[in-house]
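Thanks for making the time this morning. I would like to walk you through one model, so please have a look at it before I start talking.

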Amino acid sequence: MTGWHAHAVTLDRLFCCAGSIRISLYDGRKASPSFGAVWHKIVGPLRPAVVVIPPGVWHGITALGPETALLLNLVDKAYAFEDPDHWRLPPDTDLIPYRLV
């Protein structure tokens, strides 16, 4: 399980190639028509999909089932260690209306 995280400018593309995961998203973009919405997608080899997560959308991952899950994250911008584009919140934060735990 991950905590919640989001980016200011980076676009994530998530693909689960082994096991099964639930990707939970929360739209924190105030100008978005879906602001405040929570959405879930279960993916894995039996339900293959690439989930595209735009900047400003909080997301967290939970592994499902007994087998190890393998997640690929294909970003559109390289990680900048000197100026990281990464915000984090714990999985049980009160700032998002869904708890990953």
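Predicted model: local features only at pLDDT ≥ 70, side-chain atom pairs only at ≥ 80, totals over all residues.

Let me begin with a question: which residues of S3 lie on one side and which on the other, and are they buried or exposed? On one side we have Ser-20, Arg-22, Ser-24 and Tyr-26, on the other Ile-21, Ile-23, Leu-25 and Asp-27, and all of these are buried, where buried means under 20% relative accessible area, exposed means over 50%, and partly exposed lies in between, with a 1.4 Å probe and protein chains only.

Residues are numbered from 1 along each chain as its sequence is written, and side-chain values use heavy atoms, with hydrogens and water left out.

Back to the strand. Because eight of the eight residues of S3, residues 20-27, are buried, the strand is largely enclosed by the rest of the structure; strands here are DSSP runs of E with at least two residues, numbered from the N terminus. S3 pairs with S6, residues 57-64, in the antiparallel sense over eight bridges, and pairing requires that DSSP finds at least two bridges between the strands. S3 also runs antiparallel to S4, residues 38-43, and six bridges join them.

Now to the charged pairs. Three salt bridges are found in the whole structure, each defined as a side-chain nitrogen of Lys or Arg within 4 Å of a carboxyl oxygen of Asp or Glu. Asp-27 pairs with Arg-29, with the closest N and O atoms 2.8 Å apart; Asp-27 counts as buried because its relative accessibility is 5%, whereas Arg-29, at 30%, is partly exposed. Arg-99 and Asp-94 meet at 2.5 Å, N to O, and here Asp-94 is exposed, with a relative accessible area of 68%. In the remaining salt bridge, Asp-76 and Lys-77 have their closest N and O atoms 3.3 Å apart.

Lys-77 brings us to the largest pocket, where it is among the residues nearest the centre, together with His-7, Thr-10, Val-75 and Tyr-79, out of 14 lining residues. A pocket, on a 1 Å grid over the protein atoms alone, is an open set of points where a 1.4 Å probe fits, with protein on both sides within 12 Å along at least five of seven lines, and lining residues have an atom within 4 Å of a point.

Notes:
Helix = DSSP H or I, 4+ residues; strand = E, 2+ residues; numbered from the N terminus.
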